[in-house]
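Reader: Hi, can you walk me through this one? I have the picture open and I'm new to this.

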Amino acid sequence: MEKVRFADIRRRRVSWGSIFGGVVTVMAISILLAILASSISFFMLDPTSDDPTSGIGTNVGIWTVIALILSFACGGFVAGKLAGTDGYIHGFLVWATTTILTLILTISLATGAVKLAGNILGSVSSVAGNV
C-alpha cells in the first residue's frame, strides 16, 4: 500500500483551471458593468446646465464598488462550483490572482501613457527647436 503525503493531497485539491475560469468571469463581468456605468454616466450628462458633470463622480464611485463586489462574487462562485471542493480556497485565489493581474495591467498602462507623453513632448521640443 502506497503512503500518500499530506502535501500531495493539498496540491491535488487546488484546481487552477477553475481559478482561471473564475478570473475570466471576473474580468468579463467587470467589463460589462463598466460599460453599463459609462452609459448611465453619459445619460446623466447635462450640457445645458451650469455644472454639466454634476453627480457623475458619485455615480462612478458607487458603480465601481457595485461592479467589484458583483464581479468578484460571481468569479468566486464560478471557481468554487468548477472545483467541486474547497470553494472558499478557490474564491480567495480568484480574488488574489485577479488583483495581481489588474495591478500588472494598470502598471503597464501607466508606463505606456508616460512613454507616450514623453515621446510627444520630445517631438514638440524637436519641432520647436527646428523653428
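Reader: How many residues does helix 3 have?

Author: Helix 3 has 28 residues. Its first and last C-alpha atoms are 40 Å apart, close to the 40 Å expected at 1.5 Å a residue. The expected span is 1.5 Å times one less than the number of residues. Helices here are DSSP runs (H or I, at least four residues), numbered from the N terminus.

Reader: Where do these numbers come from?

Author: This is a predicted model, where local features need pLDDT of at least 70, side-chain atom pairs count only at pLDDT 80 or more, and totals for chains, interfaces and linings use all residues. Residues are numbered from 1 along each chain as its sequence is written, and side-chain values use heavy atoms, with hydrogens and water left out.

Reader: Which residues of helix 3 are buried?

Author: Ile56, Asn59, Trp63, Ala67, Ser71, Gly75, Gly76, Ala79 and Gly80. Buried means under 20% relative accessible area, with a 1.4 Å probe and protein chains only.

Reader: What covers them?

Author: The cover includes helix 2 and helix 4, residues 87-130.

Reader: And what follows helix 3?

Author: Glycine 84. Its phi is positive, near 90 degrees.

Reader: At what angle do helix 2 and helix 3 cross?

Author: Roughly 160 degrees, and their axes come within 8 Å. Helix 2 and helix 3 are therefore roughly antiparallel. That word is for angles over 145 degrees. The crossing is right-handed, meaning that the near helix is turned clockwise from the far one by less than a right angle.

Reader: What classes of residue are in that contact?

Author: The contact of helix 2 with helix 3 has 19 nonpolar, nine polar and no charged residues. Nonpolar covers Ala, Val, Leu, Ile, Met, Phe, Trp, Tyr, Cys and Pro; charged covers Asp, Glu, Lys and Arg; the others, Gly among them, are polar.

Reader: What about helix 3 and helix 4, what angle there?

Author: They cross at roughly 130 degrees, with axes that come within 8 Å. That makes helix 3 oblique to helix 4. Oblique is what remains after under 35 (roughly parallel), over 145 (roughly antiparallel) and 65 to 115 degrees (roughly perpendicular).

Reader: Which residues meet there?

Author: From helix 3, they include Phe72, Gly75 and Gly76. From helix 4, they include Gly87, His90 and Thr98. The contact of helix 3 with helix 4 has five nonpolar, eight polar and no charged residues.

Reader: Threonine 98, then: buried or exposed?

Author: Threonine 98 is buried, with a relative accessible area of 2%. Leaving aside neighbours within four places in sequence, threonine 98 is in contact with Val23, Val26, Met27 and Phe72. Contact means heavy atoms within 4.5 Å.

Reader: Switching to threonine 25. Where is it?

Author: Threonine 25 is in helix 2. It counts as buried at 18% relative accessibility. Leaving aside neighbours within four places in sequence, threonine 25 is in contact with Cys74, Gly75 and Val78.

Reader: Last pair. How far apart are the axes of helix 2 and helix 4?

Author: They are 9 Å apart, and the helices pack at an angle of about 55 degrees. That makes helix 2 oblique to helix 4.

Definitions and conventions: Axes fitted to C-alpha atoms, helices over the stretch in contact; angles between N-to-C directions. Helix = DSSP H or I, 4+ residues; strand = E, 2+ residues; numbered from the N terminus. Buried < 20%, exposed > 50% of the residue type's maximum accessible area, 1.4 Å probe, protein only.
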